[in-house]
Amino acid sequence: MWRLTVAPLLALISLSTALDNGLLRTPPMGWMAWERFRCDIDCKDDPVNCIGEKLFQDMADRMAEDGWKELGYEYIIIDDCWMARARNKSGLLEADPVRFPGGIPNLARYIHDRGLKLGIYSDVGVMTCMGFPGTPLDKIETDAKTFASWGVDYLKFDGCYSNPVQQMLGYPRMSKALNATGRPIAYSCSWPVYVGGLPPNVNYSLMGDICNLWRNYYDIQDSWDSVQGIIDWFSANQDDLQVAAGPGKWNDPDMLIIGNFGLSLDQARSQMALWAIMAAPLIMSNDLRNLDNAARAILQNKVAISINQDPSGIQGRRLLREKSHIEVYWRPLSQSASALVFLCRRQDMPFMYKSSLAKLNYSVGTYEVYDVFMSRTVGVFNDTTEFKVSINPSGAVMWRLSPTTLENTQKVDWIST
Ligand code: GLA
């Protein structure tokens, strides 16, 4: 029913509204409160972890001082539960005065002073998912102006407590309203999740016209099951999703949960590898004050980040699912380079996977192969070189490949990694 009535209107909207903010030519990188800190508003008993200005100041300090900023992590994003329970007398949104005593403008200054950017959250419905005041249609321009005046650089616009018509009107309208403020504000839309994530209910070309990124699928939770579910859904629907992504417009499989409680070291590498393949936003939701060195090394892996941030902005895809439960993912990169990920969906022991680049659709030539997590060159492979690679249960091996010229290379017939 909604398809019949709403779909033609979507086409019209796409002609009239374009988000032209020039932002996010590569996927956004940063930190967001939600997955790790949820709606903990108990600042009396849990002052260190509650959603309040101290948490965001702490994270800004860590981001600026612990090497994150230099690697490209720049957005500190407030999620749900930051607002006072009601709008003020003038009808404006306000931060909870107890938890954010300095207000958002001061927090924005704090974050900007450290060379970082501030993100905030609202919802196209009458309430946010956690029941705080939302931004219904008649408040969109007001709230866009408020956010701009506060110095906000990124808006996550959720969709709880709204219906498809309100979404269809509200998401493009917020896009226009943000543009009209004159402040560059990256725009993250949760619209696709609320209409099933796939065409024809989701018009991804419209999404790319009005939003810089969008959530396609359910919320990530702190578990490998959840990460696997997301990878499976994105791979099953890659034909619809891959074409939607590009510079300035990204699919968002949700936050990185590396450094929390649910992933093993191998699973954490798998998430980082797959998010790099998918050209996904690298938005961590963890406690940067308490991160072990292994998690830090994964999240700060320069080559994994450079794969994610490749300027061509082409989203990668799953190439193969072997009967052995090894899956192979591939992403083309600029300058004829590429990335491969071997993901092991087994639960027994490290699996020795054998293949060749030719079997993985590579054209004739030689390629220098670099192991991203081992930080070493594996060798120079001919397309027909048979290689074997050992992949841990629920782990991933990630390679970066660059073509090289025949003259400079030694031919290797069998390479073991
Ligand atoms: C939805 C979103 C989450 C988070 C919560 C906040 O579930 O998908 O990412 O923003 O709302 O309530």
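Predicted model: local features only at pLDDT ≥ 70, side-chain atom pairs only at ≥ 80, totals over all residues.
Local features are given at pLDDT of at least 70 and side-chain atom pairs at pLDDT 80 or more, while totals for chains, interfaces and linings use all residues. Residues are numbered from 1 along each chain as its sequence is written, and side-chain values use heavy atoms, with hydrogens and water left out.

**Helix 7.** Helices (H or I, at least four residues) and strands (E, at least two) are DSSP runs numbered from the N terminus. Helix 7 covers residues 164-181. Its 18 residues should span 26 Å at 1.5 Å a residue, and the end C-alpha atoms are 26 Å apart, so the two values agree; the expected span is 1.5 Å times one less than the number of residues. At the start of helix 7, a side-chain oxygen of Asn 163 lies within 3.0 Å of the backbone nitrogen of Val 165. Just after the helix, Gly 182 has a positive phi of about 80°.

Six strands form an open, antiparallel sheet in the order 9-10-11-16-13-14; two strands pair if DSSP finds at least two bridges between them. Strands 9 and 14 stand at the edges with a single partner strand each, so one side of each has no neighbour in the sheet. Four bridges join strand 9 to strand 10, and Leu 320 stands opposite Val 328 in strand 10.

| Strand | Residues |
|---|---|
| Strand 9 | 317-321 |
| Strand 10 | residues 326-332 |
| Strand 11 | 338-344 |
| Strand 14 | 376-382 |

Notes. Polar contact = N/O pair within 3.5 Å; in protein donor to acceptor, adjacent residues only side chain to side chain. Contact = heavy atoms within 4.5 Å. Axes fitted to C-alpha atoms, helices over the stretch in contact; angles between N-to-C directions.
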